[in-house]
Number of protein chains: 2
Amino acid sequence: MPYRHDDTEECKECHLIADVSENELIDLAELFKIFGDSTRIKILFDLFHGEKNVTQICEDLEMNQSAISHQLKILRTSKLVSARREGKAMIYALADDHVRMIIEMGKEHIEE
Amino acid sequence: MPYRHDDTEECKECHLIADVSENELIDLAELFKIFGDSTRIKILFDLFHGEKNVTQICEDLEMNQSAISHQLKILRTSKLVSARREGKAMIYALADDHVRMIIEMGKEHIEE
DNA sequence: CGCTCATATGAATATATTATCATATGTTCA
DNA sequence: TGAACATATGATAATATATTCATATGAGCG
């Protein structure tokens with residue numbers, strides 16, 4: 001397929017690094033799908049300010065605890081947030097700076 | 001809500017530009033949702049190499065013409081691709097460089 | 001231990017999304 | 001004009017997804 005380049009050089013036409021396999025594209029779609037839900041995006045933005053426990057997130061988003069937990073599980077499975085226990089509470093945090101960058105990127109597009 | 005900052009300064013904690021409204025977050029999720037489908041991502045990657053007509057895209061992705069047209073419509077509505085007619089054919093192209101950047105960004109995350 | 005608080009999970013329902021099929025629209029050309 | 005090609009569109013069916021409800025798990029504490 002044309003979106004798979006022939007070698008590992010940068011393509012002159014599209015300036016994209018070569019060797020984008022079909023599986024990589026599917027993974028990429030999977031990643032974006034995670035960001036493509038308003039509840040999850042809100043959770044991620046909520047965590048921009050620093051780590052929070054589930055109850056706090058529920059209050060911030062004014063949403064059902066179960067709904068939040070289900071979405072947190074998806075975010076954790078996708079390695080976009082990390083979780084640690086502190087007493088009775090679970091503390092969630094953004095997993096890495098990529099999450100910030102990806103969101104900033106989309107945000108720029110929106111703001112034009 | 002906490003993901004809405006108080007002023008237009010950059011937040012010291014999260015380094016995010018202020019004033020992210022709920023509606024902006026919903027729009028952002030909408031944008032990512034578009035990238036969150038493997039057919040659409042494949043189309044976008046296909047167009048990295050330059051503009052193409054519908055038939056070419058169908059051949060590249062080995063997919064049904066109708067399925068491709070439906071997805072192209074979504075991409076066009078979202079302003080991620082542009083279309084122009086050339087005789088019988090419709091020529092599609094990536095709308096702007098943001099599309100490239102957003103995909104590159106996600107790609108970096110995947111590749112770690 | 002038994003109670004309470006915090007979170008997770010399974011099942012069910014409601015909703016959204018995608019691909020397919022059939023068909024319509026639009027263009028070229030004889 | 002009408003046949004052939006290119007693309008778009010509407011309806012349908014299959015599948016995926018999100019939220020809610022009920023309940024389970026787990027930690028702290030008297």
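Colleague: Is B:Phe32 buried or exposed?
Modeller: Bear in mind that this is a predicted model; in it, B:Phe32 has a relative accessibility of 0%, so B:Phe32 counts as buried.

Colleague: And which ring does B:Phe32 pair with in a tilted arrangement?
Modeller: That is A:Phe35, with 5.1 Å centre to centre and 40° between the planes. The pair crosses between chains, since A:Phe35 sits in helix H1 of chain A and B:Phe32 in helix H1 of chain B. A:Phe35 is buried, with a relative accessible area of 0%.

Colleague: How many aromatic pairs are there over all chains?
Modeller: A search of the whole structure gives five. One of them is the stacked pair of A:Phe32 and B:Phe32, at 6.0 Å centre to centre and with 15° between the planes. Ring pairs also link A:Phe32, A:Phe35, B:Phe32 and B:Phe35 into a cluster.

Colleague: Switching to chain B, at what angle do H3(B) and H4(B) pack?
Modeller: Helix H3 (residues 54-61) of chain B and helix H4 (residues 65-77) of chain B pack at about 115°, their axes being 9 Å apart, and the two are therefore roughly perpendicular to each other. Their crossing is right-handed.

Colleague: Which residues make that contact?
Modeller: From H3(B) they are B:Val54, B:Ile57, B:Cys58 and B:Leu61, while H4(B) contributes B:Gln65, B:Ile68, B:Ser69 and B:Leu72. By class, the contact has six nonpolar residues, two polar ones and no charged ones.

Notes:
Residues numbered from 1 in each chain as written. Chains lettered and ligands numbered in written order. Predicted model: local features only at pLDDT ≥ 70, side-chain atom pairs only at ≥ 80, totals over all residues. Heavy atoms only, no water. Axes fitted to C-alpha atoms, helices over the stretch in contact; angles between N-to-C directions. Helix = DSSP H or I, 4+ residues; strand = E, 2+ residues; numbered from the N terminus. Parallel < 35°, antiparallel > 145°, perpendicular 65-115°, else oblique. Left-handed = near helix turned anticlockwise from the far one by under 90°. Contact = heavy atoms within 4.5 Å. Nonpolar A, V, L, I, M, F, W, Y, C, P; charged D, E, K, R; others polar. Phe/Tyr/Trp six-rings, centres within 6.5 Å; stacked < 30°, edge-to-face > 60°. Buried < 20%, exposed > 50% of the residue type's maximum accessible area, 1.4 Å probe, protein only.
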